[in-house]
Structure formats: structure tokens, C-alpha cells
Amino acid sequence: MNDRNRELKPFVEAPDDDMIICRCEEITKGEIRRAVHDGMFTLTEIRRYLRTGMGLCQGQTCTKLVKSIVARELGVKPNALGSATGRAPMRPIEMQILAKDKGE
Amino acid sequence: MKADVVIVGGGIMGCAAAYNLAQNGVSVIVLEGSENIGNGGSVRNGGGVRQSGRDPRELPLVMYAIKHIWPNLSDMLDTNVEYHQQGNLRLGGTEQNQKILEGLTERAVKCGLDVRMISGDEAREINPYLSDAVTCASWCPTDGHANPLMATMGYYKMARRLGAHFISDEKIVSLRKIKGKVCQAISASGNVYEGDQIILAAGYESRFLASTVGVDVPMQPVLLETLVTEAVAPMFWQMLGTADADFYGHQTDHGSFVFGLNSGLEPFAKPGKPVSSSIAASAACRGIMRYFPSLAEIKVVRSWAGWIDICADHVPVISKVEEAPGLILACGFSGHGFGISPAVGLVLAQLATGQETAVDLSPLRYGRWA
Amino acid sequence: MKHYDMIIVGAGPAGLSAAIEAAKRGMKVVVYDENAKPGGQLFKQIHKFFGSREHYAKIRGFQIGEKLLAEASELGVEVVLDAIVIGIFPEKEVTVKIGEHVTHAKGDTILIATGASENMVTFPGWTLPGVIGAGAAQTMMNLHGVLPGHRVLMLGTGNVGLVVSFQLMQAGCEVVALADAAPRVGGYGVHASKVARCGVPFYLSHTIVSAEGEDHVTGVTIGQVDANWQIIEGSEKHFDVDTICLAVGLSPMSKLCDMAGCDMEDNPAKAGFVPVVDEYGETSVSGIYAAGDVSGIEEASSAMIEGRIAGIAAAVKLGYLSEAEGTAEIEKQKAALGGLRQGMFAPGMRGKQITETEEGIAISQNLLQYGFVSDEEVERFPGVTHSSGIHPVMECTQNIPCNPCQDACKNHCIKIGSHITSLPSVDPEAKCTGCGMCVAACSGQAIFLVREDCGDGTAEITLPYEFLPLPQKGEKGTALSRKGEAVCEAEVVGVRTAKVFDHTNLLTMKVPKEYAMKARFFRKGEPV
Amino acid sequence: MRIQEHPILGTYEKGKTVSFTFDGKQLEGCAGEPIAMALKNAGVMVHRYTKKEHKPRGIFCAIGRCTDCVMVVNGKPNVRTCITPLEAGMEVRTQYGVSAGKEGNAV
């Protein structure tokens, strides 16, 4: 049970809020922190709301960084947050290559 | 825990209803069974905000939403929902396609919708990336698309700001009548949530929950699959569909394309966690490239699947239930709920507070199958 | 659709080892790898590996990769390169992009051996060109022969940071410093020492304040951190660099396991999000295995054994090997794995602070803080003794699973015993002939041959030397201390190279005898 | 920037020298090596400028995962230069946002 009304520490601007965390989508630490205060309590919600980890690299670099920021903001351990789901394709694939695939 | 209204299901319908209720000062609890708000079709769909091609019974809802809510939704929710109203092209390439499209168009015109048949060349004028394989299309200039993730999370964010109480990871397993009135939702862990009204907006799961108070909605789960591409420079803003319904989608503000797929295997997917099939994306790419050869080199970066709740007659149930007072059903959206969701949120709040609804819901009433 | 007994994703140490074991039992095996070269990270590892002989100790990583690949090919394993696994779908169906085509294959078993990805840290300027992962540096210099930069700052003193720093110098870069936010060096002390003695300063409890540059890195500032990881004002140090290398740990690359429907856990002891596996590496999905870094970050040597176990277990599962035979073989592998998981750097020791060795000797604090053992501290370790003639001095001060030095000495001067993590000691009865086999065999480059008094006021020190250009006999230069500081003039009196040394040259230098236990490296050029 | 001789690895096996262009300028590299290596050798550090903040990016992971090194190659944007083999005559361009033109950025 995850009560979305639970009290978080008040949002205080931090000097490194403009630090880029998700390199592909250029999402900053401040944006992630604000999203948590707006109720985005899971990595999946953060990803859906901010697009962290949804760029070309699909979260190869930022997943762990985002996790630690969200965990800190929520006051929980990073490993309590789980992970966003792994999805195909594992690497970007051109449509024309997929299109040739007849299941063989 | 108590509130005026308890909403079971934290998808876009539940969130939108919560937003409308909270805005009117009604206390509301939203219960989501999974970890994430908006975990079902709400965030897995193609983002269409269409009137064309819609069943006349739910057309009033979407027309209301497009006229009164969608254009202002970003401001209302303090979230860019990326709404674009630049028309919907439903593409055809065969005579049979043309017949399908003409049928749909004729039906929509009867309902007062501005939609018409156009030739392949006219379609290419609207969207120069279309191939010669397109020989006809239906064109509805007031249709459009939005970002389902942003709309869902935006409704959630705003409802929460207005005081709606959201609880996720709280799977409701039964509803309960007290003295003839449905007023309790009970979770797997035994927590009891009490409300004057219970809105059931839990997708296909609604069927099992409704049956705990003796109500059944004839629906079945069907898998839908979606893919998203890398971002490219802006090409076009229309919503796209096809007469064959093999794909639908659009380019997002971000530059990526989101396409819903239909490989034909979806009705036979195994129950359980929604899982993509190994060939659906490939089949969709063939369909997309036939009409949009210039997308051939664009890369697919992610695909996903989700369950939709197909109602027996393909339109939702948005209704109070005579034999179960206190219960409000909002399920069976049949894969086209996103476009109407802002209107559904509004009418659900109106139903729950005893107001007259913004549109006539009688065609979507419970028990209409008799 | 193709069909295999076992589909392996990842041709690294775990994947290839599993393929070998499975193919040995008659299984039809395919290995897919997205890279153009097989071997995973092994092909970028140019240092000699630790461990025991059966764990490929003292063989360089890339050579282990070649051996595994040759063995797998001989056994009929199909290794497909440039093969990108798109996904694992129900019923163990794998889709792979090979060249411009997508192929579908089904496996009765699947092994996911996708390895790890690098962790990153953020600081102002971390997205500038010139800030790279340590793996990127390795790829550039060791695979492609391109220098990552001229002047490099390394962040991270784990084994990756230490090993890559050394490799950067071998490739011809200048490493200006190593920094680490942790208060202690994280990797093997011997790896640190070989970097420190080249003159690279270590800044522990330091992190990057910012990277400077408009379009690419032109400098970096580091600063000391307090107990709350905040920079202490006034502690900043600036370096002109063109490259900042990040080596701040690895995370399992386990997305594919998640997609395949395996139960996952976020386990800090395994350094991240990993599939839950049983003792054979089998995940919650029957017939899908995971081995190597993807199921928990460890050394490549452990990954190889995990792979072997999974390969044998799969053979048993599919009836290619009887349960009894399989169990016996797996027990053997488990015992070996147990051996590797001992010592100060064992997975179970993560985060624990160690104060003394298994032998009860206080560990070198200087090593943990500055990357080298102080002249005073080194004397208390059993490998460091004094005698009149030439003798080995083994500056091996931490319990790590490694014993090639013991086998290297034909005269049995060096003793480790049966416990692989014990510190080496010198047998005072045995006679050192100065053959240098131990110097070349030590993966940590921690063994020196010392003649403390040549009778003419000088001493001779033989040290491992893996740089170019190789100094010539008669060349005069400078002797450096363990800290890498110039201590005295030195003359090269011998340079030995031999195939058996495998590119570890033995350089013998003559120094004044009072520096016999102080001088540990030779720098070409102007004497002090 | 090429390592002529390595103390452990000796000399490197490289493909034959070929010409390619970078933003119209003629450069040389070894056929078959990643485009990024040829650029690195030529001293090119900036592969692209980002979409939102227009910040420079270059090689970061060098193994095709981080996608920071993408460029427009033969007209195709988002090509991971660290794993795409160099071919004679390739046209490599700095990527701005998601395309080769500074003006062509998505919203």
C-alpha cells in the first residue's frame, strides 16, 4: 500500500537542480525532484511524466541516477523503488529491418 | 477510511473523475491495484482524440470533450498534454477499404460530424509523406491527438493537488452492500474504504469486482500492442488510422512516432501480464511503411502491450445501477476510451454528485443488452 | 525458426564458458553477441588475471577470451557476432537482428549473460565531450588503438579505475591523478601500487567539483568531501586535462531478464537489479538461466565459473548429462567458485572495513589512502624479508585469491599454501636463483628481486616493466619510490624479455644500496 | 592520436586508409573502424548539439549503449558512430537536435 498523501519534506530548491540527469532527454535533477513532489512516486511514473530513460538509449545511463534522486526525495532506500520494465527492442531497430521479419 | 466518493481504479478515468470531484470540494479516495498510477490502457494507448470512426452512442462524449475540455486541458492540469487538433486521416488503399471508410463517414455525418471522403491525392496534399498506395481516406479536420501519459499523470497530479487521496498498491478484491447500498470497497489486505458512491473504473477487473455485488458487465480482455520510435524532426501533426485497422498513430511533440498495432493475434493472447508478441511490431512496420515509405529508416526504440476491456457491444458502460445503488460503472471502454476520458471524468463526477450529466448517457447505460 | 538446445545471449566470459560446457555434453548451442568481437570485456583486459592456474591466472584477459572462443568453436558452438537480441518472448523465443535481418530462434534453454553497464556520476560539465566511461577508454585504446586523450583524470579507485589508469599510461597517456569520493582505495592494493609508483597521485575523499571547457573538456577541479559528501571549501585542486574518465562501478544489465518474465530483485549485495537465481543460475522461468555480471557484479573469473555451472545444469535439465554426473561436476565448480569468493574483496565483504589480514597483520593504511604501502609498513608483511643474496620481495599485503607466484618459483622460494588467499611468504631455506619467473608471473606486479648489497655500495632491483619504449642496458635514469617520487639516480643493468614472461619485461636497475628497499620504479630520462 | 606500438598488444590490425567527409571537410580514417575512432583520431570532439539546451556531446560509452555519439551519417540521423564501421566516402555531419540542419529541430 503506497499512500500518495504521505508527507514529504518540503521542496527546497537546490543549487544543482539544473544538473542534467537523463542525457538523452535532457531532464534535470530539479525536474525529477519536483515530479516526486507532484506525486510521481515510482520510477515508472517519473518516466511516463518526464520521459527520463525514454530517449534513444532507453535508460542505459540514467536509470540508477534517477533512482537515487527519487529515493532521496521520498526518504526511502533506492532498492525499495524497483525498476522500470524492460521492453523490446533492446536496441533501436530500423522499421525497414523489422518489416522484413516474417517470423522465421 | 471514508470519503464522499471512492474510486476503484487509478487510470485516466479514475483520475479524471477524481479531478472533477475534488474541484467541486467532494472528498475522494482513489484506489489503484498496481504500483503505478495509470498502469493500464491509459498510458499504453495510441493517443487518438478522434470523433471519426466512433460509434454514434459515444460520439456525444467525444464531441463534448473536444469542444469544451481538450483545448484547455493543458492549462487546467498545469501539464502539457500535447493536444493537437489537426485532423484525422483514415487511410485506404483498396476498393474494399473505400467501402469501409464510406460507411464510417456516412454514419458520422448523420451525427453531425464534419468528416468527408477524400481522394488519395487530396490526402497527400494534407500529408505529403503518404505513398501512392493511399487511394482514398476519410478526413475529419477537428480530430486530433494528445499524449496519454501526460494527460493521465496530469489528471492525477492535479486531483492530488486539489486534495484527492490516492493510494496505489492497494488491490480491491470485493465491493460490499450495507443495507442494500453499495458503499464499501475491501482490499486484499482487508482495508475497508467507505463512500457514499463507489465508482468502478478498473478496466476489465471491474467485471470481477462488480460481480461481488451481483452485477455483471459483458466484456472480455483483449491485448493491444504499441510501439514508439526515436525522435525525428517534425513531419506532420495529423492523427492517422487505416481502414484495415492494422495501425494507427501520430508523431508526438517529442518527435517520436507512437503507433498502435494490430497483428490479428491479439484476441488470442495468453492471460496474465500483457506480453508483446514476437511478430506484431514487424507486421505493423510493414503496414506503416506501405503508406509512409519515408519512415523506413526510423528506428523503433520500445514496444509494449496492454489489456483493453472490450464490451459486448463495443461501447462503454457509464452508468448507475438500479439493483446496486451507490455503484457507478465506468468500464468496457473497448480500446477507445482515451479521447473521451476528459468528458467521462466530468460525467462521472456529475453522476456521483447527483447532477445532470453534460451529455445524455442513456445509450451507455447498464442493462442495455436486454 | 531455428532451434537450439541452448541459446546464449552474450559472448563474454560467462556466456562462452557456459557454451563450452553445454557443447561438451552434445548440446546444440548458439551464442549471440551484439559486438563485432567476442569475449565481452575480456578483449579489453590486457592485464594478467588473478586466481589460480585453473582459473586462468597470470593469463591476460584478451588471451583468455581467445582461448574460450577457440575451445567453443572446436566444440561446434555457433558464435554469431553483430547479433543484437531484440527480445525474449514467451516459449523461449528469441528474436535477433543479424546484419539487416531479424531471425527468430527457440531454445530449450536460454542463458542470459549480458554482463554489466557502467555507473555514472554527475557533476557540472559531465556531459561535455571528453568526459568518458572507463570502459570507453579501454575500448578506444585496447580495441581500436586510439588514444582517449593526452592528459586524463580518473575518477574511481576500484579495480576498473586502477587497471584502466595503468592501461592509459601503457597506451601513452598521462594520468594526472586518481580521485575517489570514498575514503579508501576500493580496488586491489597491488593494482593501486603499480599506478602510484609511476608517480600518479591518489586523492581519496575527493570528488569532481566541475569539468571545464566550452565544447570539450579542458580542465577539471576536484575537491575534498566532508562526511556529508559536500565539498570542503578551499580544498579544490585544478588540473589541466582533456579527458575525464569515470570508473564508479558497474550495474547488472538485466533488462532482458525482466522482459523474459524472470522474477527480479534489487539487491545491493549484487550491485543492482538482478534476476533471482538458484544455485545453478536458473531464474524463476524454468530453463532460463543467468550468469556473470548480469546476476551480480563480480570478477570475470567468477563469471566463467558461473557460466560453466549454468552450462552443466542445462545439460542435466535436457538429459544430456545424468543427474549424478552433473551434480558431481557442479560441486567441483562450486568449490572453485567458493575459492574465488574468499579474501578481502569477496562479494560478501562489500562495504566492510578490514583492519587486519587473515594472518593477523595490520593492513597498510597508507595503501588505502594514497595507493602505496609506506616504507615502514611494507616490512611487516611475510613476503618482505632481507637476506644477503638476491631474493624475492613480495609486496603483496592483502588477501586476494591468487597464487601463481607459488607455482612460478621452481626452487620453492615462495609459499602460499593451500589457502589461495594467504599472503605469500619467503622460505628462508630455499635458494633464489634470480630467474625472475615470479616477477613476471605476479598479476599484481608486486614482486621485485632485490640484491640489497652488491658489495660496492649499490643494490640491484629487478622490477616488472610494461611500458614502451623499453629502457636499454646502460641507460641512466631516475629511480622512483613506491609513491612515484624521484629518490635517486639509477642505471639499467639488465633488461630481460622472454616469451614466457608474456610482455612483462624484467628491468634490473642499480641504485645506491640505501635505496634497495625504497626504489621501486625506473623513469627514463634525466637523472635527478 | 593513434597508438603506434603498444607494450602488450604490439601493433593494431587496421583496415586500409579511406577518405570520408565531416561537415564537408575531407578526413581520413581506417576502413572498418568505428566512425567515432576516425573522428577522434582527427581531433573531432563534438558529435552533436542537443535538442533542448544545444549542448555539445561526443563519445561517452564507446560501445553503442549511451547513444551520445550519434551523428548524421549519409543523411541518416541518430547513427551511433562508436559502433558504425567507417566506409570510404561516408558523409558524416554534426547532428543538431535530431537532424543535420541547425534549424530542423523538433519542437
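In this predicted model, the largest nonpolar core comprises 367 residues. The residues with the most contacts inside this core are Ile7(B), Val8(B), Ile199(B), Leu200(B), Leu329(B) and Cys245(C). Helix α7 of chain C (residues 300-317) gives the most to the core, with ten residues. A second, separate core has five residues, among them Leu223(B), Ala269(B), Trp307(B) and Ile308(B).

Beyond its neighbours within four places in sequence, Ile199(B) is in contact with Val5(B), Ile7(B), Val8(B), Ala17(B), Ile328(B), Ala330(B), Leu348(B) and Ala352(B).

Ala17(B) is one of the buried residues of helix α1 of chain B. This helix spans residues 12-23, twelve in number. From first C-alpha to last it reaches 16 Å, close to the 16 Å expected at 1.5 Å a residue. Eleven of the twelve residues of α1(B) are buried, so the helix is largely enclosed by the rest of the structure. The buried residues pack against α5 (148-161) and α8 (341-352) of chain B, and against strands β1 (2-8), β2 (28-31), β11 (192-200) and β18 (327-331) of that chain. Just after α1(B), Gly25(B) adopts a positive phi of about 80 degrees.

Chain C divides into domain 1 (2-117 + 251-340), domain 2 (120-248) and domain 3 (374-523). The C-alpha centres of domains 2 and 3 of chain C lie 28 Å apart. Twelve residues of domain 2 are in contact with 16 residues of domain 3 in this chain. Helix α5 of chain C (residues 189-196) provides the largest share of the domain 2 side, six residues. That side consists of five nonpolar, five polar and two charged residues.

Key:
Residues numbered from 1 in each chain as written. Chains lettered and ligands numbered in written order. Predicted model: local features only at pLDDT ≥ 70, side-chain atom pairs only at ≥ 80, totals over all residues. Core = buried A, V, L, I, M, F, W, Y, C linked by C-beta atoms within 7 Å. Buried ≥ 20, exposed ≤ 12 C-beta atoms within 10 Å, placed from the backbone. Helix = DSSP H or I, 4+ residues; strand = E, 2+ residues; numbered from the N terminus. Contact = placed C-beta atoms within 7 Å. Expected span 1.5 Å × (residues − 1). Domains from an automatic or database assignment. Nonpolar A, V, L, I, M, F, W, Y, C, P; charged D, E, K, R; others polar.
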